[in-house]
Amino acid sequence: MNVGIIGLGRMGGSIALHLVEQGVHVVAYNRSREKVDEFAAAGGDGAYSLNELSQKLGSDAVVFLFVPAGEVVDEMLFGSSLSSPARSGIHTDNSLDSRLRGNDKEIKGLVGLLPKDVIIVDGGNSFFQDSQKRARLLKEKGFTFLDMGTSGGIDGARHGACLMVGGDEAVYKKIESVLSKIATKDGYGYVGTSGAGHFVKMVHNAVEYGMMGAIAEGFNHLSASPFRIDFKKVASIWAHGSIVSGHLMNMAERAFVKDAQLEQTPGEVPKGETEKEMEWLETQNLPMPVIAAARQERVDTRSKPSFIGRVIAALRHEFGGHKVKSK
């Protein structure tokens with residue numbers, strides 16, 4: 001089975017290279033030619049348009065989208081001729097319709113280019129209700145669609161990610177051999193019907209908010225203590241055998257190795273792609289004081305930068321390459 005990847009950013013580019021190194025034929029497209037050139041130079045099969053990607057893949061293929069949530073997903077799937085595929089989701093907005101209708105040149109999306117045998121997977125951070133709508137619309141057009149939450153940061157994408165997949169289980173099984181090559185050992189699975197993959201990833205992100213906030217608050221207490229605490233040494237100790245060990249603590253250690261006091265990291269956490277999802281979760285009348293407080297803690301750093309903000313920003317940068325504010 002051939003693999004197509006749309007979006008050669010931090011996640012898509014790393015996953016594409018990871019697959020190529022395992023002998024998988026990967027055809028990849030990105031809007032900027034430079035990234036396609038780099039991928040081709042590394043041994044991949046570059047495509048400079050969706051049409052070229054479709055021609056190179058053939059019918060025995062799966063296409064993964066690793067693009068920003070919202071209107072970009074719709075453009076890649078449906079092109080400029082479709083009006084309002086998933087307009088009520090929290091990531092999308094009604095301006096897409098008028099913007100696309102105003103284009104002089106119609107852009108064809110995947111539904112106008114791919115054979116209907118090709119399986120389409122959204123591996124980004126789409127809102128789960130948008131994914132459900134896209135699945136229904138694609139089914140009407142004869143295509144199969146899976147939603148896939150992707151975690152593990154850049155290191156995971158490059159060497160083995162964590163994947164949460166929703167949709168038709170029979171379709172999932174058709175591409176399981178490819179998923180096993182993208183994922184770390186035992187780090188992937190089918191989690192439910194259409195939308196479940198992105199819903200599980202949304203909740204995963206909420207847990208991540210709480211954990212990162214707790215780590216940041218802990219190091220803030222160490223910073224305010226009467227002792228001269230070596231943050232790098234403590235992070236290293238906690239990362240080896242303690243109950244709070246894990247990937248995020250490894251990232252904390254790595255950040256403190258680079259900058260012992262995080263002096264080069266501003267104390268403001270930029271607004272991320274997942275923050276609206278956290279706000280949506282807070283409307284669901286379920287207790288989540290830890291997660292709600294963790295989101296608000298990030299918001300507060302934008303008006304009052306803090307050491308807590310530095311730690312969270314540093315963690316986000318280490319695992320996901322997320323930008324930090326310039327000092």
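## A walk through the helices and salt bridges

R302 is partly exposed at 26% relative accessibility, where buried means under 20% relative accessible area, exposed over 50% and partly exposed in between (1.4 Å probe, protein chains only). What we are touring is a predicted model, in which local features need pLDDT of at least 70 and side-chain atom pairs count only at pLDDT 80 or more, while totals for chains, interfaces and linings use all residues. Residues are numbered from 1 along each chain as its sequence is written, and side-chain values use heavy atoms, with hydrogens and water left out.

Let's stay with R302 for a moment. Its side chain meets that of E275 in a salt bridge (2.7 Å, N to O), a term that stands for a side-chain nitrogen of Lys or Arg within 4 Å of a carboxyl oxygen of Asp or Glu. The pair links distant parts of the chain, 27 residues apart: R302 sits in the loop between α14 (289-300) and α15, and E275 in helix α13. Helices here are DSSP runs of H or I with at least four residues, strands are runs of E with at least two, and both are numbered from the N terminus.

R254 is partly exposed at 28%, whereas E318 is buried at 10%. In total, the count comes to 12 salt bridges.

Another of these bridges joins D186 and K185, with 3.2 Å from N to O. Both ends face outward in the accessibility sense: D186 is exposed at 69% and K185 is exposed at 71%. D186 lies in strand β8 (residues 183-192) and has a positive phi of about 65° although it is not a glycine. L262 also has a positive phi without being glycine, near 55°. L262 is found in the loop between α12 and α13 (275-281), and is buried at 2% relative accessibility.

Now turn to helix α10 (residues 196-223), which gives 5 residues, the largest share, to a nonpolar patch. The patch covers about 430 Å² of surface and is made by V191, F199, V200, V203, V207 and M211. Patch members have over 30% relative accessible area and no salt bridge; like charges are joined within 9 Å, and nonpolar side chains (Val, Leu, Ile, Met, Phe, Trp, Tyr) within 5 Å. The areas come from the Shrake-Rupley method with a 1.4 Å probe, and for residues only the protein chains shown count as cover. V207, in α10, is partly exposed at 42%.

How does α10 meet its partners? The axes of α10 and helix α15 (residues 307-320) come within 8 Å and cross at roughly 130°. That makes α10 oblique to α15, oblique being what remains once angles under 35 degrees count as roughly parallel, over 145 as roughly antiparallel and 65 to 115 as roughly perpendicular. Axes are lines fitted to C-alpha atoms, for helices over the stretch in contact, with angles from 0 to 180 degrees between N-to-C directions. For α10 and helix α12 (residues 247-258), the axes come within 11 Å and cross at roughly 45°, so α10 is oblique to α12.
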